[in-house]
Amino acid sequence: MRAKLSVVMPTLNATQGLARSLPALAEGLDAGLIRELIISDGGSTDATLTIADEAGAHVVSGPASRGGQLRLGADAATGEWLLFLHADTVLPPGWAEMVQDQISTGRPAYFRMRFDAAGLAPLLIAGWANLRARRFHLPYGDQGLLISRAEYDAVGGFRDIPLMEDVAMSRALGARLEGLPGVVTTSAARYARDGWLRRGARNLSLLLRYLMGADPESLARRY
């Protein structure tokens, strides 16, 4: 029986992220779970494509748009199940068994998350993200998303929008989304660069505006 899982990663100058996230995928290969790794690149000018090639990934390329890249990667995938994972998000030990167990339920799922940074601000923002996912069924893309091909197609796939593509997908899946027991570790680089409070407030504002009906293209131009 062929492996069931296609891992789809959108990338754009993701050299540092891939160096951290790709080694964790070895567990899935050893377990006979991963069929393929799809790198959906948005025009990288660093070593991203070289690393992808060395990893044996299937690379597809298109415009730099997170939603469009995810959709393009999913279109190229052949697995019965899809794991959408950001390049700077690292899967936890034991993830392959967790995913196999979840596949047996047939339901989509996400991981809890934490940042690769210490301090109160990372704990609070990660805590909010996990609460938002659990209570409101709104995980973000940096928490990973596991979904069957059949259900992905049934909800229409990722929207080709520059941001909020993960929220749009989460809303489409709704209460069917379940939390996996593992905790992924995602990069805090953007928060460190922009400031934890400033970026946290910005992200919350984007979410609320989107949920109130704002156009993602307009939000992207403004922010």
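**Strands, pockets and packing in a predicted model**

Biologist: Which residue of β2 does proline 10 stand opposite?
Modeller: The model is predicted. Seven bridges join β1, residues 5-11, to β2, residues 34-41, and the two strands run parallel. Within this pairing threonine 11 has aspartate 41 as its bridge partner. Proline 10 stands opposite serine 40.

Biologist: Which residue in β4 stands opposite serine 6?
Modeller: β1 is also joined to strand β4, residues 81-84. Four bridges link these two strands, which run parallel. In β4, the residue opposite serine 6 is leucine 82.

Biologist: Why is β2 described as largely enclosed by the rest of the structure?
Modeller: Buried here means under 20% relative accessible area. β2 is largely enclosed because, of its eight residues, the number buried is seven.

Biologist: Which residue of β3 is the bridge partner of isoleucine 38?
Modeller: Besides its pairing with β1, through seven bridges, β2 is joined to strand β3, residues 58-61. Four bridges connect β2 and β3, which run parallel. The partner of isoleucine 38 in β3 is histidine 58.

Biologist: Do β4 and β7 run parallel or antiparallel?
Modeller: Both faces of β4 are covered, with Trp81 and Leu83 buried on one side and Leu82 and Phe84 on the other. In β7, residues 145-148, leucine 145 is the bridge partner of phenylalanine 84. Four bridges join β4 to β7, and their direction is antiparallel.

Biologist: Which elements are included in what covers the buried residues of α4?
Modeller: Helix α4 spans residues 66-76, and its buried residues include Gly67, Gly68, Gln69, Leu70, Gly73 and Ala74. Both strands and helices contribute to the cover. Included are β1, β2, β3, β4, α7 (149-154) and α8.

Biologist: Which element gives the most to the lining of the second largest pocket?
Modeller: This pocket holds about 160 Å³ of space. Two elements give two or more residues to its lining, α2 (26-30) and β2. The lining includes Ile34, Glu36 and Leu37. With three residues, the element that gives the most is β2.

Biologist: Which helix supplies the largest share of the lining of the largest cavity?
Modeller: The largest cavity is lined by 13 residues, with Tyr140, Gly141, Leu145, Phe158 and Asp166 nearest its centre. By class, the lining has seven nonpolar, four polar and two charged residues. Four residues, the largest share, come from helix α8.

Biologist: What is the radius of gyration of the protein chain?
Modeller: The chain has 11 helices and eight strands. For 223 residues the globule rule gives 17 Å, and the chain comes close to that value, so it is as compact as a globular protein of that length. Along the principal axes, its C-alpha atoms fill a box of roughly 45 × 40 × 35 Å. The radius of gyration is 16 Å.

Biologist: What percentage of the contacts with a separation of 6 or more involves residues 24 or more positions apart?
Modeller: Of the 223 residues in the chain, 51% are buried. Among contacts with a separation of 6 or more, the share from residues 24 or more positions apart is 75%.

Methods: Residues are numbered from 1 along each chain as its sequence is written. This is a predicted model: local features need pLDDT of at least 70, side-chain atom pairs count only at pLDDT 80 or more; totals for chains, interfaces and linings use all residues. Side-chain values use heavy atoms; hydrogens and water are left out. Two strands pair if DSSP finds at least two bridges between them. On a 1 Å grid over the protein atoms alone, a cavity is a set of points where a 1.4 Å probe fits but cannot get out, and a pocket is an open set with protein on both sides within 12 Å along at least five of seven lines; lining residues have an atom within 4 Å of a point. Grid points are joined across faces, edges and corners, and a volume is the space filled by probe spheres set on the points. Ala, Val, Leu, Ile, Met, Phe, Trp, Tyr, Cys and Pro count as nonpolar, Asp, Glu, Lys and Arg as charged, and the others, Gly among them, as polar. The radius of gyration is taken over C-alpha atoms; the globule rule is 2.2 Å times the number of residues to the power 0.38. Buried means under 20% relative accessible area, exposed over 50%, partly exposed in between (1.4 Å probe, protein chains only). Contact means heavy atoms within 4.5 Å.
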